Amino acid sequence: MLVSGSLFFGIGLLFYHHWMAGMILATGCIWVPRFWTKVLLDRRRMTLSLHFKQALYALSSALAAGKSVENGFKESVEDLRMLNPEADTDLIREFTILRTRMEYGQPIEEALQDFSERAQIEDITNFADVFITCKRTGGDLVEVVRRTSTVIGEKLDIQQDIMVAVAQKRFESKVMFAAPFIFLLFLNLTANDFMEPLYSGLGYLISTGTLAVLVCCYLWIHRIMDIKV
């Protein structure tokens, strides 16, 4: 928050040459933790989805080998640890919780439903609903898990392709967004007399309008780049 507050304060000084404007803009840092928390949460959910796909493949193999659902979930934890021997991922912790709950006699349906509610990921929620329905009605769990893992895998592959495709555009958008600030700083350092009218009278309105347009452009670009599958 200190870094973001200093950044906003610097933007206020750059656009208005007044410490009061910098202080007002610095109050915008109170929204930064909320925004950054959302970014980190989205990253963790993406990682959890990738690991969940691997877990479904392991679970499908265990069920195809004739093992029970409970044993399949237990062995999938070991398979995940073999894939990431030095990592303590979110999914390993969640599947360890599932295994512990089953060892204490809790039905797998309840444990899986609780996991899906806490994860708040569409793929996991759909899998939990289908799995619970299939378990209660006596459906083919092996086929359900296999098809679910295939669908989730294809969806994640599409998401990764999109991320790769827009990665360069994301970088270009950041450069374009930073360019006006760099250009304004350059003019202030090299042609201070030329910029003097911008910091008095009507110039404040122009600076405010420009800053508002930049903020709207940033939000618009962020919305365009946020592609959901």
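Which helix gives the largest share of the nonpolar patch? I will come to that directly, after a word on the model itself. What we are looking at is a predicted model, in which local features need pLDDT of at least 70 and side-chain atom pairs count only at pLDDT 80 or more, while totals for chains, interfaces and linings use all residues. Residues are numbered from 1 along each chain as its sequence is written, and side-chain values use heavy atoms, with hydrogens and water left out.

So, to the patch. The largest share, 4 residues, comes from helix α2, residues 19-26, where helices are DSSP runs of H or I with at least four residues, strands are runs of E with at least two, and both are numbered from the N terminus. The patch as a whole covers about 500 Å² of nonpolar surface and is made by L13, W19, M20, M23 and I24. Patches here take residues with over 30% relative accessible area and no salt bridge, joining like charges within 9 Å and nonpolar side chains (Val, Leu, Ile, Met, Phe, Trp, Tyr) within 5 Å; the areas come from the Shrake-Rupley method with a 1.4 Å probe, and for residues only the protein chains shown count as cover.

By the convention I use throughout, buried means under 20% relative accessible area, exposed means over 50%, and partly exposed is what falls in between, with a 1.4 Å probe and protein chains only. The buried residues of α2 are A21, G22 and A26. They cover an arc of only 140° around the axis, and therefore sit on the same side of α2; the arc is that of the directions from the helix axis to the C-beta atoms.

Next, the record. An unreviewed UniProt entry lists residues 16-36, 175-195 and 201-221 under "transmembrane region", with positions in the numbering used here, feature names shortened, and annotations that may be inferred rather than shown by experiment. In the model, residues 175-195 are 95% helix and 0% strand, with the end C-alpha atoms 23 Å apart. Residues 201-221 are likewise 95% helix and 0% strand, but there the end C-alpha atoms are 31 Å apart.

Now to helix α7, residues 122-137. At 1.5 Å a residue, its 16 residues should span 22 Å, and the end C-alpha atoms are 23 Å apart, which agrees; the expected span is 1.5 Å times one less than the number of residues. Its buried residues are D123, I124, F127, A128, F131, I132 and C134. Because they cover an arc of only 165° around the axis, they lie on the same side of α7. The face turned away from that buried side carries the exposed residues E122, R136 and T137. Within the buried set, C134 has a relative accessible area of 9%, and its C-alpha atom is separated by 8.0 Å from that of V144, 10 residues apart along the chain.

What, then, of the salt bridges? The rule asks for a side-chain nitrogen of Lys or Arg within 4 Å of a carboxyl oxygen of Asp or Glu, and the count by it comes to 9. R93 pairs with D90, the closest N and O atoms being 2.2 Å apart, and both lie in helix α5, residues 90-103, 3 residues apart, or about one turn of the helix. Both are partly exposed, R93 at 35% relative accessibility and D90 at 21%.

R118 and E94 also meet in a salt bridge, at 2.8 Å from N to O. This pair links distant parts of the chain, with R118 in helix α6 (residues 108-119) and E94 in helix α5, 24 residues apart. R118 is partly exposed at 39%, whereas E94 is buried at 17%. These two residues also belong to a network of salt bridges that links E94, R101, D114 and R118.

Which are they, buried or exposed? Both D123 and K155 are buried.
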